[in-house]
Amino acid sequence: MMVKEKACSLDFPAPQFGTPRTDRPTYGGDVAALAARLGWSLMPWQQHVADVSLEYDPDTGEMAYETVVLMVPRQNGKSSLVMAIMFWRLLKFQRQNVVYTAQELKLARKKWKREMLPRLRAVQLLQEDRDYHVSTSSGNEAIEFFETDSLMTLSAVGEEAGHSDTNHMVVLDEAFAHRSHDVDQGFLPTMATVWSPQLWVTSTAGKAKSVYLNHSREIGRQAVAEGKTEGVCHIEWVAPDDCDHLDPRVWRCVMPSLKSVTTGGSITEKRIRDNFAVKMPETDFRRAFLNQTDMGDEGTQSEITPTEWAQGTDPESFIEGRAMVGVAVTPNRAEASIAIAGIRADGHLHVDHVKTGAGTGWVVDDVATVISNWPGVEGVAFDGGGPASALKWGELPVQALSVREF
């Protein structure tokens with residue numbers, strides 16, 4: 001399928017999923033001015049993202065969006081935009097804590113030392129040890145800005161990350177690498193009580209196991225579909241699954257920095273064609289440059305065959321007392337299963353497969369039905385670091401449920 005190039009008033013291809021600009025004021029112009037001081041100009045698409053994501057309430061100054069999900073193909077300038085926004089926040093407001101993470105702490109350190117620090121040190125109006133101080137010791141990397149008393153630090157990602165801090169802005173770069181929701185457990189509580197917090201989730205598409213990013217994208221797309229203009233800002237460039245991945249017209253629709261007469265971007269069609277399109281496996285190219293998730297065949301098939309399961313059934317078995325419901329969701333959220341386990345009269349364990357179905361939208365309602373049919377149910381068990389943790393468990397009857405993560 002060939003993608004039709006969108007006709008619009010923008011100087012770049014419109015995102016396939018994008019929170020719209022409203023009539024609220026924005027800090028986007030301030031970011032552009034700071035980027036110029038740092039030595040580069042924002043490209044049109046970067047300016048658009050800054051304008052939308054940094055809209056604010058004119059009465060309070062608080063930003064309209066607490067979560068920003070930005071998904072764009074590789075080599076389009078995502079990192080330079082995020083860098084400008086982080087430095088802007090550190091220099092704009094008093095006593096800000098800004099945290100930068102990547103898929104691994106060592107990669108965050110590499111980008112910090114090789115890209116961010118040189119950009120900052122090249123700014124003539126800011127002098128190191130007069131306007132800011134840099135700590136480069138391993139494990140304590142930081143930039144402290146004296147005038148605003150603001151601090152930028154690096155962090156690992158995980159359930160324990162950031163627990164002792166209060167953070168105003170957290171950037172989860174290369175979010176495709178996170179295979180659980182532990183990242184939210186680590187950082188969201190640190191932003192609960194601060195003024196105008198923002199969590200940035202930035203990435204190119206990942207794989208079926210990119211649980212955190214895939215869930216963030218799902219929430220973002222839903223917000224766009226519902227026309228929401230507060231809370232979650234979602235901006236995503238992505239090609240249709242059935243497109244011709246070698247068609248330059250497709251590239252022009254999903255690569256907002258692709259250099260042309262119109263965009264004046266940073267990457268050329270020739271380089272895409274000669275260095276990536278013909279050399280990379282198609283699946284890898286689609287993920288990196290068309291922003292398509294590689295779902296692969298991430299093993300949704302159970303290791304126990306239906307025949308083996310049937311051979312192990314006991315039609316005379318039933319639960320007599322206490323019971324626990326178990327929920328499992330595949331990494332790509334394509335399928336979910338519910339089971340119940342409890343103790344029989346003879347003390348042996350009884351396990352009953354309740355249902356397996358497509359998607360996850362039905363799970364919570366069906367679990368509520370199971371609870372109502374088995375008065376002995378004491379709780380629901382699920383992988384607290386997996387996709388099932390994102391379901392709306394709070395909608396279940398409190399008196400009948402005690403959610404337990406393992």
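Mentor: Buried means under 20% relative accessible area, exposed over 50%, and partly exposed in between, with a 1.4 Å probe and protein chains only. Of the 406 residues of the protein chain, 47% count as buried. This is a predicted model, in which local features need pLDDT of at least 70 and side-chain atom pairs count only at pLDDT 80 or more, while totals for chains, interfaces and linings use all residues. Residues are numbered from 1 along each chain as its sequence is written, and side-chain values use heavy atoms, leaving out hydrogens and water.

Trainee: Why is Asp284 called partly exposed?
Mentor: Its relative accessible area is 34%, which lies between the limits of 20% and 50%. Asp284 is found in helix α9 (residues 282-289); helices are DSSP runs of H or I with at least four residues, strands are runs of E with at least two, and both are numbered from the N terminus.

Trainee: How do you know whether Tyr27 is buried or exposed?
Mentor: Tyr27 has a relative accessible area of 8%, so it is buried. Tyr56, at 18%, is buried too.

Trainee: Why are α1 and α3 called roughly perpendicular?
Mentor: Angles under 35 degrees count as roughly parallel, over 145 as roughly antiparallel, 65 to 115 as roughly perpendicular and the rest as oblique. The axes of α1 (residues 28-38) and α3 (residues 78-92) cross at roughly 105° and come within 9 Å, so the two helices are roughly perpendicular. Axes are lines fitted to C-alpha atoms over the stretch in contact, with angles from 0 to 180 degrees between N-to-C directions.

Trainee: What makes Arg119 sit over the ring of Trp40?
Mentor: The criterion is NZ of Lys or CZ of Arg within 6 Å of the ring centre and within 35 degrees of the ring normal. The charged end of Arg119 is 3.9 Å from the ring centre of Trp40.
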